[in-house]
Each structure stands twice: as C-alpha cells, then as structure tokens.
Amino acid sequence: LIDQAILGDFIAEGHFARHVRRMREIYAERRGVLLECAASMLGGLLEIHGLEAGLQTAAWLEGGIDAQDAARAAAGRGVEVTPLAWYTRGRRLRVQRSGLHLGFAAVDVPEIRRGARDLASALLTLS
C-alpha cells in the first residue's frame, strides 16, 4: 500500500505529467535528429518516411542492399540495427525491399549522429 500511496502523491502533485512532457520533448528531439541524419548522411542508402511520432522506426534499404548484411556491417561499427525480416513468423514473406528496425528513444543525440555516420559507412561498403 505504501508504494501505491507514494505513486498517488507523485501523480497528484503533477510530477508524472511533468515527466511525460519532458520525455515527449526528448524523444521528439531524438526523432528529429534521426530524420536529419537520415537525410544528410544516409540519402540513397536508407529511406525513412512517415515518422511523426514514436520511439523506433522501420527504414528501407536502397540499392538492393541485404538487411542481414547491413546488420552485420553495422554491428562491426558498433551500431545496433535489426533486419525487419526477423520480425516475421513462420514462412518468410517475399518483399521487394529489405529493411531495418531502428530504435532511437534510448540513444542520446551525439550517439544518434555517430550511429548514422557509422551506419552510412557500413552501408557504403555494401552498395
């Protein structure tokens, strides 16, 4: 019961609402930086579109780059991405384009910039 009482006070005093507002600002900034980096560093290699909110996104590989190869090359440069095909169950669907799952919520702005630069370097070796 003590935990519930503390949580109730935390919410009633407005601390939770402030926390949610702050987190929205942080995630919006990180999302914006990811989109900026995708446009400036990853153009022609990776396409992200329709990202207006969220904590992660799908990105489509350009130029016939294989997602498995891209994930391995990125990992070699310290960038963690996941092929979208890993999220299928049972028989793999044939898709025209390979894609990657990119998470950005838990990554600070300098690390997003470094990750985009290193991911671009990795993808260039495959294109």
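1. A residue is called buried here when its relative accessible area is under 20%, exposed when it is over 50%, and partly exposed in between (1.4 Å probe, protein chains only). By that definition Ile-48 is buried, because its relative accessible area is 14%. The residue sits in the loop between β1 (46-47) and β2.

2. On the basis of the note: the model is predicted, so that local features need pLDDT of at least 70 and side-chain atom pairs count only at pLDDT 80 or more, while totals for chains, interfaces and linings use all residues. Residues are numbered from 1 along each chain as its sequence is written, and side-chain values use heavy atoms, with hydrogens and water left out.

3. Overall architecture. The protein has 4 helices and 4 strands, and from the N terminus on these elements follow the order α-α-β-β-α-β-β-α. Helices (H or I, at least four residues) and strands (E, at least two) are DSSP runs, numbered from the N terminus.

4. Overall dimensions. The radius of gyration of the protein is 18 Å, whereas a compact globule of 127 residues would have one near 14 Å. That radius is taken over C-alpha atoms, and the globule rule is 2.2 Å times the number of residues to the power 0.38. Along the principal axes, the C-alpha atoms fill a box of roughly 55 × 35 × 25 Å.

5. Surface and contacts. The accessible surface comes to about 8400 Å², and 54% of it belongs to carbon and sulfur atoms. Accessible areas come from the Shrake-Rupley method with a 1.4 Å probe; for residues, only the protein chains shown count as cover. Of the 127 residues, 31% count as buried. Contact means heavy atoms within 4.5 Å; among contacts between residues at least 6 apart in sequence, 64% join residues at least 24 apart.

6. The largest nonpolar core. A nonpolar core is a set of buried Ala, Val, Leu, Ile, Met, Phe, Trp, Tyr and Cys residues joined through side-chain atoms within 4.5 Å. The largest one has 27 residues, and those touching the most other members are Leu-42, Leu-46, Leu-61, Leu-100, Leu-102, Leu-119 and Leu-123. Two or more residues each are given to this core by α2 (15-41), β2 (56-61), α3 (67-75), β4 (99-103) and α4 (109-126). The largest share, 6 residues, is that of α4.

7. Neighbours within four places in sequence aside, the contacts of Leu-61 include Leu-45, Leu-46, Ala-70, Leu-100 and Leu-123. Leu-34 lies 14 residues from Ile-48 along the chain, and their C-alpha atoms are separated by 9.3 Å.

8. A salt bridge is a side-chain nitrogen of Lys or Arg within 4 Å of a carboxyl oxygen of Asp or Glu; the structure holds 6 of them. Glu-36 is bridged to Arg-113, with 2.7 Å between the closest N and O atoms. This pair links distant parts of the chain, as Glu-36 is in helix α2 and Arg-113 in helix α4, 77 residues apart. Glu-36 is partly exposed at a relative accessible area of 43%, and Arg-113 is partly exposed at 31%.

9. Glu-111, Arg-114, Arg-117 and Asp-118 are linked in a network of salt bridges. Within it, Asp-118 pairs with Arg-114 at 2.5 Å between the closest N and O atoms, and with Arg-117 at 3.9 Å. Asp-118 and Arg-114 lie in helix α4, 4 residues apart, which is about one turn of the helix. Asp-118 counts as buried at 17% relative accessibility, whereas Arg-117 counts as partly exposed at 48%.

10. Val-79 lies in the loop between α3 and β3 (82-83) and is buried, because its relative accessible area is 10%. Not counting residues up to four places away in sequence, Val-79 touches Ala-74, Arg-114, Gly-115, Asp-118 and Leu-119. The C-alpha atoms of Val-79 and Glu-13, 66 residues apart along the chain, are separated by 40 Å.

11. A nonpolar surface patch. Leu-7, Phe-10, Ile-11 and Phe-16 make a nonpolar surface patch of about 380 Å². Patches are made of residues with over 30% relative accessible area and no salt bridge: like charges are joined within 9 Å, nonpolar side chains (Val, Leu, Ile, Met, Phe, Trp, Tyr) within 5 Å. Helix α1 (residues 2-12) gives the most to this patch, with 3 residues. Ile-11 is found in helix α1 and is partly exposed, with a relative accessible area of 49%.
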